[in-house]
Amino acid sequence: MAEVLVLVDHVDGEVKKVTYELLTAARALGEPSAVVVGAPGTAGKVKDSLASYGAAKVYVAESDDANGYLVTPKVDALSAVAEQASPAAVLVAATSEGKEVAGRLAIRLGGGLLVDAVGINSDGSVDQSIFGGAFSVKAKAAKGTPVISVRPGGVEAEAADGAAAEETVSLPAVDAAKSAKITGVEPVVGGDRPELTEASIVVSGGRGVGSAEKFDVIEKLADSLGAAVGASRAAVDSGYYPAQFQVGQTGKTVSPQLYVALGISGAIQHRAGMQTSKTIVAVNKDAEAPIFEIADFGVVGDLFNVAPQLTDEVAKRK
Ligand code: FAD
């Protein structure tokens, strides 16, 4: 059976949920092999969990440089393994970093690049959702090894047994002159909350929140639910919330179990980043707001009345 390479998305050996989704999606095309790029000792931490989602092999590319540079070590490792294994495809998460890895790798391998897939089919085609979800597209790479970026939350992760046989990959020394070095890592606002693209609940605020101070209404509801906080671009551009929390076409793509949109109109560019959420709840004082077209549950009302009541109600039920 053909191998399908999956780049393991992790932070210091803590595997992100999207990796399990990629391992699940890979099974449509062949046998998933995980590629771990990280500091020495990383593979030991992640191997068991990769096995439990069907990784037949684990390629281990560890070096002191691996965590010190953006993307280059990952592209080097994947291209080295791809040359050796001739996989049916290479899968990476469609995160900002993953997309850059995918683009660079496709150039190196001379293969087709399929971005933002929400499904992978056994004939090698992928499903994409475009124009803010208005159209579904099936696309297939015309040549070479396809490199596919898969949208976090696009595929449901399913456990499966894998042997996780280890194979070492030697990473070439990073060419410092051509690579971006990481000079420092700082925790961001909301560091105690789940990561936006990983969270199973996301509570987002829009321009309707009205100010940075009032965003605490959104944060309180999020904290009562153990959720991540998101924001529309209008909220970000107005300085209400930091840009790394923007959801949408030019922000992050999320696909949680529950997405709560407060004071967000539901522009197509916002929907592009959240409409694959399993359940959407919208609170908006305008009954005609387009967000209600995709909401499973909607409240026509003032978010400053609704959100605190919701927060209290959730607290009572804990
Ligand atoms: P508005 O459209 O102004 O809506 C505010 C809503 O809040 C209204 O519906 C109003 O009825 C409601 N409201 C006001 N007060 C209250 C209250 N007290 N209680 C309840 N409801 C209230 N947008 C994104 O979000 N993400 C993106 O990534 C993104 N990328 C873009 C890329 C491009 C190329 C372009 C052109 C645009 C992009 N946009 C993006 C912007 C997008 O078009 C919208 O302008 C934006 O999503 C609007 O944000 P909003 O819904 O918060 O604001």
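In which sense do strand S8 (residues 126-130) and S9 pair, and over how many bridges?

Mentor: They pair in the antiparallel sense, over 5 bridges. Ser 129 shows one such link: its bridge partner in S9 is Ser 136. First, some ground rules. This is a predicted model, where local features need pLDDT of at least 70 and side-chain atom pairs count only at pLDDT 80 or more, while totals for chains, interfaces and linings use all residues. Residues are numbered from 1 along each chain as its sequence is written, and side-chain values use heavy atoms, leaving out hydrogens and water. Helices (H or I, at least four residues) and strands (E, at least two) are DSSP runs, numbered from the N terminus. Two strands pair if DSSP finds at least two bridges between them.

Now the sheet. It is open, has 9 strands and mixes its pairing; the order is S9-S8-S7-S10-S6-S1-S4-S5-S11. At the edges are strand S9 (135-139) and strand S11 (165-168), each pairing on one side only. From one strand to the next, the twist averages 35°. Angles run from 0 to 180 degrees between N-to-C directions; axes are lines fitted to C-alpha atoms, for helices over the stretch in contact.

Buried means under 20% relative accessible area, exposed over 50%, and partly exposed in between (1.4 Å probe, protein chains only). Ala 139 touches Leu 114, Gly 124, Ser 125, Val 126 and Gln 128, leaving aside residues up to four places away in sequence. Contact here means heavy atoms within 4.5 Å. Val 115 is 24 residues from Ala 139 in sequence, and their C-alpha atoms are 9.7 Å apart.

Next, strand S6. Here 5 of the 5 residues (89-93) are buried, so S6 is largely enclosed by the rest of the structure. In a regular strand the side chains alternate between the two faces of the sheet. Ala 89, Leu 91 and Ala 93 are buried on one side of S6, and Val 90 and Val 92 are buried on the other. Both faces are covered.

Look at what flanks S6. Strand S1 (residues 3-7) pairs with S6 in the parallel sense over 3 bridges. Strand S10 (residues 147-150) also runs parallel to S6, and 4 bridges join them. Leu 91 takes part in both pairings: Val 6 is bridged to Leu 91, and Leu 91 has Ile 148 as its partner in S10.

H4 lies across S1, S6, strand S7 (113-120) and S10, running at about 160° to S6. H4 also meets a helix. The axes of helix H3 (residues 72-85) and helix H4 (residues 96-109) come within 9 Å and cross at roughly 45°. That makes H3 oblique to H4. Angles under 35 degrees count as roughly parallel, over 145 as roughly antiparallel, 65 to 115 as roughly perpendicular, and the rest as oblique. The residues in contact include Leu 78 and Ala 82 of H3, and Val 101 and Leu 105 of H4.
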